[in-house]
Amino acid sequence: MDSRSLLEQKYREIINNYLSDQNEQLLYQGQKLSRKLIEYSTTPEEIINLHRSILIELEPNLSQSVLSSFDILLEVMMGYGLAYREHQSLRNQQQQLKTEIEIARNMQKTLLGTKIPKMKSLDIGAISVPAKHMSGDYYHFVEDENGCMGVAIADIIGKGIPAALCMSMIKYAMDSLQENVQPHAILESLNRVVEQNVDPNMFISMFYGMYNPIDHQFLFSSAGHEPGFFYDSKHQQFTDLSAEGLLLGIEKKTKYKQYDISLQKNDLVILLSDGVTECRTKEGFIERKILTEIIKKYIDLTAQEMVNHVYKELERIQAFQLRDDFTLIILKRVN
Amino acid sequence: MDSRSLLEQKYREIINNYLSDQNEQLLYQGQKLSRKLIEYSTTPEEIINLHRSILIELEPNLSQSVLSSFDILLEVMMGYGLAYREHQSLRNQQQQLKTEIEIARNMQKTLLGTKIPKMKSLDIGAISVPAKHMSGDYYHFVEDENGCMGVAIADIIGKGIPAALCMSMIKYAMDSLQENVQPHAILESLNRVVEQNVDPNMFISMFYGMYNPIDHQFLFSSAGHEPGFFYDSKHQQFTDLSAEGLLLGIEKKTKYKQYDISLQKNDLVILLSDGVTECRTKEGFIERKILTEIIKKYIDLTAQEMVNHVYKELERIQAFQLRDDFTLIILKRVN
Amino acid sequence: MEFRSCVKILNEWDIVAVRQLGRNVAKELNFGIVDQARITTAISELARNIFLYAGQGQICIEKIFKDGKSGVKIIAEDNGPGIQDVRKVMEDGFSTSGGLGAGLPGVKRLMDDFDIDSKPNEGTTIIVTKWLR
Amino acid sequence: MEFRSCVKILNEWDIVAVRQLGRNVAKELNFGIVDQARITTAISELARNIFLYAGQGQICIEKIFKDGKSGVKIIAEDNGPGIQDVRKVMEDGFSTSGGLGAGLPGVKRLMDDFDIDSKPNEGTTIIVTKWLR
Ligand SMILES: [Mn+2]
Ligand SMILES: [Mn+2]
Ligand SMILES: [Mn+2]
Ligand SMILES: [Mn+2]
């Protein structure tokens, strides 16, 4: 007997046993059989037909009406059978697409990969999680020969595959930048590249910061990027790291203002993408205030532990459905 | 009454009518109802329960066995209900992914877009169709100031999104090439770029040809690319356009041999990707011979009509399922 | 001589007529109840397609016998606008007219063999077959 | 005082026991036959998950009353290895253990509210609710 007939036999058995003793054990067997039937690609219309034949066996005098009613049930179930078949095929396609996206995602990781610099005076933590299969967020660290550290955080307007494609394109531009240039000049030069090369409907927001471990100054400029925070540990206060500036790719000759702050011991610089602040819960978007409260809870941990915990917490209050790519970087002056 | 109850009422009606007159018209109504029920997200377990209540109405003396049997049917149908719900969600995801891929595909088109040059002595036709959502094939035409025309055809080993990502990356390299360089030198310089920048597991095959309208010479080199054909119109014969050469990205210092042929009036140069020759039918791969026979059928048409017809024919014999990206270019000397 | 019978599809009543014809032929060939329903559903989808997209056409049902097997062959023809992009129409989830799983990919899955030939502005011919097992 | 009753999940028999408990509670709250089956199926999936991935745990069933509505709340707890990547487990088509549509996304769709808390090496708590309509 092939496995199909075995399953049919099993169905018959369960029904027969159930008729003499209606217990949950048999219903549970029914559920397990359901799984098996699906595994062996039995279609719902086949189940209906099987059920009909079992009823005939059970009740040789079954009324003609009951029997005929099954013709209509079968007809209606055909539509579900079609949906069921489409589902199997869609599931296979989905699986293939996932494999493909996984490969592309790994390529993207290799391409965009950046190492977190080790510095005596700065503890650095970073996390970046794509909302969909591929990220349109980007962050990058560079150390120049003077010991200064540059940090870039960018967000392609858009998500998923198109954003990833765009990101890969501007990555080349980033790589060809000269070292030892100030944040405003870096944004200005990137802006020219993006304006020239990237699809006219693609815009990029970017924050560029540069930390000098000698004087503990943090210089920064922003191209329309979501403001981060500065945490003053002495007064235990968060302030926005606001900076004016147009998005990259809008206007060829854009100039960017440059700002600076001075970091005391235990002060934090928090950089993020709007996926962090535009975290949507059942009740609506969270406030930036709530974000700083969450950060405060973990303020005594290392920078990497902090970003991990903040992510976990925000992930859960969104019911594990990120609506936007999530990137969070924390710089903590420790010496 | 809401639309759900209306549909239930309709189901009841169809059954009642069917019991007095078992005709195809009512079964057809059943099928149409099935569509509607699915449209309103009625689950299969709800249908079973509805059917059970209708039977009770129809036959007040319905035996307990028949009724109880429905408990098991319901339990088994729950699994199908779960599959059905997953299907609806998967279908939405699939829709979103498609939209996303559509955008990425358009970006790719803009990025990789190339114009077919208009030349007095050469009629040019080109077609490129991705097997999946995005292409890993690439072709490009350039005209230099001497009136020579360069043609590149390339195939990333791999398909879909990762190949597309990779293609976008090397596109920059192509753009920065100097004009007026010989085919072998172009491949050598591209090989260096690919070797340095692209994922070590990504390889690219490429054919580069250059046509001189003065002496009608066609120079070409190949980096492991599927050989095209030369059609000698005088003897009505096809010969392979074979050329030795390693794939791009394998070995930094690869040198490429250069070949040349002379085009007489009505001669053809046929360039292709392996997706054309590795066209798989129920009976196995088609032979290159079959391909040349198909081309021959359309030999009196314009180059563009030729490539279109060949594609249509090969598409159909593969039952409309391309297994690989398909790119076909035909150059026909007309003057 | 093989059996062949055709129904012109001009309105919705003809869909019922061709379903009936198909179901009868399937019954005569001893297809089981479920296969009868599948064949009828496939015919119904093909007829609906003609009705919706071409306006009119015809469907022929043939009994076929080959290598000791018997089967039913359905030929749906129209002189409508044709299908611009057959690959797209054969994609899952593309059909918007029907519910989940309907449309031509659904027909293909219900039957054993499927062939389609469509020329823009000339029309479409779809030939499907189901073999008795 | 709200009703609450728990079943320890140690072996497959306990899955049947907790299904029975859930079905009874659903009946007492006047859920219809289909909803009874849905609630039972959700409980079954949660119990199976505990049984397969954590080895043991418990499931509690509560009757709840809020804003004039009544409902059933199911709390599934274990001290198993926890779920490494909750987002992945909540993706459709990820579950390999069950058939199509099973696993946690299936449970989520069968019920009205769904909350999950999982810590690596500490365990997982899943709370789901269905309201009587
Ligand atoms: Mn973005
Ligand atoms: Mn964003
Ligand atoms: Mn390829
Ligand atoms: Mn190929």
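Predicted model: local features only at pLDDT ≥ 70, side-chain atom pairs only at ≥ 80, totals over all residues.
# Group meeting: cysteines, a manganese site and the A–B interface

At 13% relative accessibility, C148(B) counts as buried.

Now the disulfides. How many does a search of the whole structure find? Over all chains, the search gives two. One is in chain C, where C6(C) is joined to C60(C) with an S to S distance of 2.1 Å. The torsion about that S-S bond is about 105°, so the disulfide is right-handed. As for placement, C6(C) sits in strand β1 of chain C, residues 4-9, and C60(C) in strand β2 of chain C, residues 57-66, so the bond ties together parts that are 54 residues apart in sequence. Are the two cysteines of this pair buried or exposed? C6(C) is partly exposed, at 38% relative accessibility, whereas C60(C) is buried, at 0%.

Next, chain D. Here a disulfide joins C6(D) to C60(D), with S to S at 2.0 Å. The torsion about the S-S bond of C6(D) and C60(D) is about 105°, so this disulfide is right-handed. The pair links distant parts of the chain, with C6(D) in strand β1 (residues 4-9) and C60(D) in strand β2 (residues 57-66) of chain D, 54 residues apart. C6(D) has a relative accessible area of 37%, which makes it partly exposed. C60(D) has 0% and is buried.

On to the metal. Which residues coordinate the manganese ion, ligand 4? They are D155(B), D274(B) and D324(B), each through OD, at 2.1 to 2.2 Å. Along the sequence, the donor residues of ligand 4 follow the spacing D-x118-D-x49-D. D155(B) also bridges ligand 4 and a manganese ion listed as ligand 3, and these two ions lie 3.6 Å apart. D155(B) belongs to strand β3 of chain B, residues 149-156, and D274(B) to helix α7 of chain B, residues 274-277, so this pair ties together parts that are 119 residues apart in sequence. D155(B) is itself buried, at 4% relative accessibility.

Last, the interface of chain A and chain B. The size of an interface is often given as the accessible area lost when the parts come together. For chain A and chain B, about 6,300 Å² is buried between them, and 71% of it is on carbon and sulfur atoms. In residue terms, 69 residues of chain A are in contact with 69 residues of chain B.

What about polar terms? Across this interface there are two salt bridges. One of them pairs R91(B) with E86(A), and their closest N and O atoms are 2.9 Å apart. There are also 24 residue pairs in polar contact across the interface of chain A and chain B, with both residues at pLDDT 80 or more.

Which helices of chain A supply at least two residues each to the side that touches chain B? They are α1 (3-20), α2 (24-39), α3 (44-58), α4 (64-112) and α5 (160-175). Of the elements on that side, α4(A) gives the most, with 30 residues.

Key:
Residues numbered from 1 in each chain as written. Chains lettered and ligands numbered in written order. Heavy atoms only, no water. Donors = N, O, S within 2.8 Å, 3.2 Å for Na, K, Ca; no water. Helix = DSSP H or I, 4+ residues; strand = E, 2+ residues; numbered from the N terminus. Buried < 20%, exposed > 50% of the residue type's maximum accessible area, 1.4 Å probe, protein only. Disulfide = S-S within 2.5 Å. Contact = heavy atoms within 4.5 Å. Buried area = accessible area lost by both parts, 1.4 Å probe. Salt bridge = Lys/Arg side-chain N within 4 Å of Asp/Glu carboxyl O. Polar contact = N/O pair within 3.5 Å; in protein donor to acceptor, adjacent residues only side chain to side chain.
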